[in-house]
Amino acid sequence: MNDPHLDPGDIAALFDRARLRMARELRGLTQVQLAREVGAVTAASISQFENGHTKPAASTLRRLAVALRVPPSFFAAPARLAAQDRVNGFFRSLRSTSPRDRQQALAYVHLAREITLELEKHVALPELNLPRVPTDEGQPLRSADIEQAAAQIRNHWNVPRGPVQDVVRLLEMNGIVVVRFRVGVEKVDAFCVDFPDRPVIALGADKGLRDRSRFDAAHELGHLVLHGQTGKIGDKVTESQAHEFAAAFLMPADDIRSELPERLDWPAFLRLKAKWHVSLAALLVRAKTLGVMSEHTYAQGWKALSVRGWRKVEPGSLGNPEAPVLMQRALELMETTGISFADFINRSGLPEADVRTLLSRDTSERPRVEF
């Protein structure tokens, strides 16, 4: 356990280079920018610190802590992964997000995992229960394999036939950590990081759409099930497979095929949207994929969505996106054992403001008015 009473010399001796990199990326800074913020230290020195070639002196550590807005003890906490083993995330498109935005988003996800592992010292979280689909490197995944994988996961998790009631809750009940970003990295779409102990799925805060958010969550589950740590990141085939998985997971063929209209019956599609909590666009694709709708009708459907402006804003709002609760409930449970939030922060050495942000815990502890 991290000791909040470590003196500066001890922290310098126990310096963890992975934590320095995480703190720098949390703040969206380059090594050059951090050196400028700290003063009296060069970008080359920071590179040396992060590579493990040298350790900062106690006085330098204090300045780094101030510049990065973390407690000095943050740098002494044991990292669970060495920097060279840093796990990357599955990002939708590597072209649409800058490397710095991705690094910052990844740093928050690494922090979410750290919070979870610290919480696990005090409370028991659901065990990770995530079957993986073994993939043959030489054999590409076929659509039938993906449909089967989605059915296997539903079966393994005892999901009843029909719509999934709450995708986020289902993921959390099976030991997957879900966070929703409120941290200024909205340019980054949903993504996941397949940590071996606790995979983390990050959902964007900018999509106030329940249907799209559910599809995002199922898409990231697809990456974890189908691609694990070996899949190609940002690859078109990988993304297409995760999309197919999400559709099959949310709309199993045997359950929805008979309900899908073969013509463009929008009232019928809107009823299905309300029942299955998926978008009109997703239903349209599913109708074509399952052979219910012809290619011609499908193409007409997409034109109609565009003409009506429904590709941007669909009719039939489903309400707020599903909200993660696992970490917040774990924290509340921990507090019933006599360990306060302040104790938790002190013992973990984690930056309080960032922990509050990830847990949606308002600094004032008052309920937040949501718009």
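The side chains of Arg169 and Asp166 form a salt bridge with an N to O distance of 4.0 Å, a salt bridge being a side-chain nitrogen of Lys or Arg within 4 Å of a carboxyl oxygen of Asp or Glu. Arg169 is partly exposed at 28% relative accessible area, whereas Asp166 is buried at 19% (buried, under 20% relative accessible area; exposed, over 50%; partly exposed, in between; 1.4 Å probe, protein chains only). The model is predicted: local features need pLDDT of at least 70 and side-chain atom pairs count only at pLDDT 80 or more, while totals for chains, interfaces and linings use all residues. Residues are numbered from 1 along each chain as its sequence is written, and side-chain values use heavy atoms, with hydrogens and water left out.

The salt bridges number 19. In one of them, Arg113 pairs with Asp197, with the closest N and O atoms 2.8 Å apart. This pair links distant parts of the chain, 84 residues apart: Arg113 lies in helix 6 (residues 99-119) and Asp197 in the loop between strand 3 (191-193) and strand 4. Helices (H or I, at least four residues) and strands (E, at least two) are DSSP runs numbered from the N terminus. Arg113 is buried at 3%, and Asp197 is partly exposed at 32%.

Glu322 and Arg214 form a further salt bridge, with 2.7 Å between the closest N and O atoms. Here Glu322, in the loop between helix 14 and helix 15 (326-336), is linked to Arg214 in helix 9, 108 residues apart. Glu322 is buried at 3% relative accessible area, and Arg214 is buried at 1%.

Strand 2 pairs with strand 4 (residues 200-203) in the parallel sense over four bridges, where pairing requires at least two DSSP bridges between two strands. Val177 stands opposite Val200 in strand 4.

Most residues other than glycine have a negative phi. Arg69, in the loop between helix 5 (58-68) and strand 1 (89-90), has a positive phi near 55° and is exposed at 56% relative accessible area. Asn158, in the loop between helix 7 and helix 8 (167-173), also has a positive phi near 55° and is exposed at 66%.
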